Amino acid sequence: MIGTLALTGAHAWAVDTAVPQLSPETLAQAVTADTFTVPTPGELLAALNKVGKPNWQAQYRAPIPTAYTSRPQIALNLGGLIADGYIAVEAEDSQQVKNIGKDIMTLAKTLGISENVLRRGKSIEDFAENNEWSTLKEELEATQNEVKLAMDEQHDEELTTLVTLGGWIRGTEAVSGWIENNYTEPEAKLLRQPAIVALLRAKLAGLPPKTQADDLVKGLDSRLKSIQEMVSFASGQTPTQADVKKLNDAAADMILTITSKK
């Protein structure tokens, strides 16, 4: 992954390792950097794979609309769909991967994203047809990077934050949903990630006023603040199953708001 601050799964989701606490100076540098990154949805799922054998098909969701008109809403849902792609790859479900790949390309076209991104859609379909799961994970990460690069080239840099946020929330919904239904303490500890949410909130606060004024965007920070409180438990503590359910409900409610057509 590219980035001046890499909060990868190994750092952000390790069972026995506390999430690094960022100094104000480090945080300020991270949130102003062009290469802001958080764990990809694939890294979130991989962290859970190391301590369990999830049935990822149980975390599928119904197809979402693809005819949005708000660019911020499109970006948020594009990130969520990329997370869905990772879930389908972990489930080794070629048809689901192809279906999600088509929806990703539909939203990408709506944003006027470059042909490089659209070509990724064909690659995803081909790799899914041949059950090339490891390659598919790499292709999904490349697709996400291409989307963000294309947005930067179109001077839509603020939308890259929303793609990242959409993917992180959907990934958190899936992971917390599985942990809630298959609760163990080691898996529950994976949900501790206060630094990641702090970075997302800071990045949201830095969006241009016009984007912040969007009806959907301006309601995101208060929801993230609540989620931040849920994932900020001490490193020596373990959230209860009820705590995990509360987090999953909050993430699911946020996803419902993001996907609802205006």
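The following legends describe close-up views of a predicted model. Local features need pLDDT of at least 70 and side-chain atom pairs count only at pLDDT 80 or more, whereas totals for chains, interfaces and linings use all residues. Residues are numbered from 1 along each chain as its sequence is written, and side-chain values use heavy atoms, with hydrogens and water left out.

View 1. Helix H7 covers residues 133–153; helices (H or I, at least four residues) are DSSP runs numbered from the N terminus. Its 21 residues should span 30 Å at 1.5 Å a residue, and the end C-alpha atoms are 30 Å apart, which agrees; the expected span is 1.5 Å times one less than the number of residues. Buried residues (under 20% relative accessible area, 1.4 Å probe, protein chains only) of H7 include Trp133, Leu136, Leu140, Val147 and Met151. Their cover includes helices H3 (41–49), H4 (71–90), H5 (94–110), H6 (115–129) and H8 (157–181). Just after H7, His155 adopts a positive phi of about 60°.

**View 2. The salt bridge between Asp84 and Arg61.** The structure holds twelve salt bridges, each defined by a side-chain nitrogen of Lys or Arg within 4 Å of a carboxyl oxygen of Asp or Glu. In one of them, the side chains of Asp84 and Arg61 meet at 2.7 Å, N to O. This pair links distant parts of the chain, with Asp84 in helix H4 and Arg61 in the loop between H3 and H4, 23 residues apart. Asp84 counts as buried because its relative accessibility is 7%.

**View 3. Glu180 without a salt bridge.** Glu180 is located in helix H8. The residue is buried yet has no salt bridge; Lys245, the nearest side chain of opposite charge, is 4.8 Å away (Lys and Arg count as positive and Asp and Glu as negative; His and the chain ends are not counted). Glu180 touches (heavy atoms within 4.5 Å) Gln241, Val244, Lys245 and Asn248, not counting residues up to four places away in sequence.

View 4. The side chains of Lys245 and Asp249 meet in a salt bridge of 2.8 Å, N to O. Both residues lie in H13, four residues apart, about one turn of the helix.

Terms used
Helix = DSSP H or I, 4+ residues; strand = E, 2+ residues; numbered from the N terminus. Buried < 20%, exposed > 50% of the residue type's maximum accessible area, 1.4 Å probe, protein only.
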